[in-house]
Structures are given as structure tokens and as C-alpha cells.
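Dear colleague,

Please find below the structure that I am handing over to you. My notes on it follow directly after.

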Amino acid sequence: MSDIRSRFKLMPLHGIIMCIVATLSFISVFIPMFELFVQYKKERVYSLFTLIMSPRVYVQLRDTTVDLDFRGFGGLFFTLTIVVAVAALTMSLGFQLYSHSRNTKRLGCLTVMVLFIARIILHIFTLNKFITPAMIAANNLTEQRLYVVQSIVGNILCVVLFIGIAASLYGALGLKMNMKLLSYPYIAWIAVFTILPLVLILFRAFFAKTSGGYIFNLDGFKTLFANKTVTAEFYGVRVTLQEYFSVFLRSLDYALWTTFGCLVIGYPLAYILQSRAKKLHSDSGILLILVVLPMWMNTMLRTYAWRAFFGQTGVLNTFLQGTFGMQEPILFLKDPILSDVITKLVMVNDFLPFMILPIYSVLVKIDESLGQAAADLGANKVQTFLKVIFPLSLPGVISGIQMVFMPSMTFYMIPDIITEGSKTTIGNTVQTFILSESPTNQQAGNVLSLILLIFVLVTMRLLRNQDKEASGSGGLVL
């Protein structure tokens, strides 16, 4: 017994995972995971074991009786599955515990991987062959009225088996545990969902779709930079600008004000939170939850709540009319200047947690002895903050700026809802172009996305340089 315990202790991680998966694969034969529906009603839940123990099903309907016989089917798939499950469990334990040869262990892992794959195939076949066309025809039903689905337990089993396949493949290839391996799924994710879309945007910016395929042209650039001017209003001043340049300026205006507002409000809040955390020797978890709590609600719902608050018959107008006896409501959302201010206020409220959290995470790590040293050298609280605390917190400030400025530059939901579509932003424009049926407009949308991407990358590069300087310089000398 002690020898077996020592062998278990020496078993590698992938071997332990294989044994656990093989055990669960065997146990799953006796766990109900197939749900039988007759006339849109769940009649029974089967495991492979109950399928052979109770293979006949009689369901009395209003005008007929459903008679299902799973004797041959249940016995066959139960036998095959139990053989595969037992073999996988035996192999995973046997090769890992009693084999001393590295090649033999790799062969055992390969064998277990094949058995896990066979287990998944049998599970899928069982699910698909549970109800045959002959059963449906014999009972005068349809596929919509007589069918079988797998329960959540079946879904979990499939996930567990895939984990077992990955572990056994790891052992079959003879790989050594390396933390770099954990980055490969992330790299694949980035390649598929980040790099590939960017490549497609670059391609579609220069190639237009035609009936014969894709051809190179610059029609998207011509559409975007056409000599077409519009009269826009910024802070009460009407100016005439190129159409899409005015859209860019408005989006940049929203992003700058949102970032500035979040920084002005967020830094003091983060400073108060970290002061409380250090004073009470806690992590201010409850206060942080209160900061993050609004993010748990959908952005659209929060925005519509703000719109209802400032609406013509909203809470604010009702309060003003009831308190000050105003005869007519103030049209906050109709006035260009007021609606612009409200839009920026709502965006600041929406992005504020993204500024507070990185600043707080940096401030809370600053050693209190630095402030005490500054006080010993004759600095007052203001000087200590300006020359020690704030320079050391710049990495958090720059991270917060990145997290707020970049998304708010392309965010269009809040301006669109608050201003009822009267203010166009880059996000609106890209959406309109991409959803257009015109290939030229779609190409223009990709061109605009490409230009915006370049602008964001340049901005991030500048902020990153500032972040390096801030993290490298530390506090200023008193």
C-alpha cells in the first residue's frame, strides 16, 4: 500500500488528470444525461445503465400510445461504452503507476488518448442514434415531437473528456512542464480574434468586393476624403469642416473630456480608498465593490436611466417644477450645449471605474515610509504628494488613461442614446458604412477603421513611452 502511495505522489500532473478523467468517464455510464422528450414534454432522463435496465417506454397520448424499445440499442452502446471506459481507466492507472520506461508511458498516454476519443465518439453516436427515423415513423410523430437531448451533465462530460485528451496528448508527446505552454492558447486566441480581423480590415480597405472577386482600388479613401463639407457646432460656435473630419473631432472631444473627467474624479477617490486601506489595514473590498457595482448593470440600461432622469418628463424636470414652480420643463436633451454636457457626464460615469482601479492598485503599493521620509526632510503634505506620491503613481494614471481614452474614442452608444442620434461619432459612422449594401461604403468603413487603428496605436505608443519614463524615474528629489 505504501508503495502505491509513493507511486501516486511521483505521478506527473498530466497523469493525475488522465486518471481523474478516466474515472469520471467510467462513472458517467451510470449518471443520467440523456433527456427523452415526447410531445414537447420531458418524459425520462436516461443513463446508459438505466437504458438497459429499463429499455421499454410507453407514453399514453390523447389519441395514441408511444411505444419505444431500446433493448438492442441500449445493450450495444452500454457494452461498448463500458468496455472503452474500463480500458481507459485501467490503462491510465497501469501505465502511470507500474511502468518505468519513458517510451512505455508515452505509448500508454497515446492509447488512453485514443480511448478518450472513442468515448466521445460513442457518446455522440448514442445521442444521435437514440431516436431513429423508424421509431418516429412507427409512432406517427415528427422529429420536433420525439427527440433526445443531452443534459448539462453530458455537456460537462464532453468538456472533461477534451481535457483528458489534452493531458494524454501532452504525455504522449513527452513534453515537459513549461509555463510557456500556458501562453499558447492565449496566442491562438489573439491570432484568431485580434490579428486576423485587423488583417481583414487592412485587406478590405484596399480591395473592393465585386461579382468577380476582389479588386484593388482606392474608392474607400476617395469616399472618406471627398471634398464635402458640413457645418458643425462646437461649444456654441458653428464651423464648416470636412464631413468626416468633424466626426473625428467630435469623437476626440468626447474622449478627451471623458478621460479628463475620470482622472479628476477618479484620482481623489482612488487616493481616499488607498488611505483608508492602509489606515485600517484592510483592502477596502466593500468600497471597491461599490465603485465597480454600476458596471454589473448593462451599459444601455444605465444610459437609458440617465436619459429618463434628464428627460422632458424625467425626475429632474419633475423636481424643478415641483420645487420652484416652473411652468415649462427644461429640454436638457434637445439643447445642443446641455445635451453635449450630459453626454460627457454620462460617459465619465460609465468609464470611471476603469480609471479608479489601476490608480488604486498602484497607490496602495507605495510604501508609507516614503511619505515619512519626505516629512523628515521638511516637506509638507502638499509637497510630499506632488514630489513623491504623484510621480510614483504615474504608471497607474497612464494605465487608467489608456483604459478610458481608447474605448471612449470609438464608443457611440451613449452619444447616440442621449442625443437621440443628432450627434454623429466615429462609431456611428463606421457602423453605417459597414452595414451599407454599397461595396464602396463598406470599403470606406474599413478605411476609417484603419485610420482610427493607426491613431490609437500612435497614442498608445506615446503613452507607453511616458509609462516607461514614469516607472523608471521614480519620485522627484526634494
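In this predicted model, strand 1 (residues 34-38) and strand 5 run antiparallel and are joined by five bridges. Within this pair, Glu35 has Val149 of strand 5 opposite to it.

Both strands belong to an open sheet of three strands, whose order is 2-1-5 and whose pairing is antiparallel. The edges of the sheet are formed by strand 2 (41-46) and strand 5 (146-150); each has a single partner strand, so one side of each is left without a neighbour in the sheet. On average, neighbouring strands of this sheet are turned by 25° against each other, direction ignored.

A helix also packs on the sheet: helix 5 (residues 102-129) touches strand 1 and strand 5. The direction of helix 5 makes about 155° with that of strand 5.

Two residues in loops also deserve mention. Gln39 is found in the loop between strand 1 and strand 2. Although Gln39 is not a glycine, it has a positive phi of about 55°. Gln39 counts as partly exposed because its relative accessibility is 30%, and the range for that class lies between 20% and 50%.

Asn140 is located in the loop that lies between helix 6 (133-138) and strand 5. Asn140 is likewise not a glycine, yet its phi is positive, at about 55°. With a relative accessible area of 64%, Asn140 is exposed, as the cut-off for that class is over 50%.

With kind regards

Definitions and conventions: Residues are numbered from 1 along each chain as its sequence is written. This is a predicted model: local features need pLDDT of at least 70, side-chain atom pairs count only at pLDDT 80 or more; totals for chains, interfaces and linings use all residues. Side-chain values use heavy atoms; hydrogens and water are left out. Two strands pair if DSSP finds at least two bridges between them. Helices (H or I, at least four residues) and strands (E, at least two) are DSSP runs, numbered from the N terminus. Axes are lines fitted to C-alpha atoms, for helices over the stretch in contact, and angles run from 0 to 180 degrees between N-to-C directions. Contact means heavy atoms within 4.5 Å. Buried means under 20% relative accessible area, exposed over 50%, partly exposed in between (1.4 Å probe, protein chains only).
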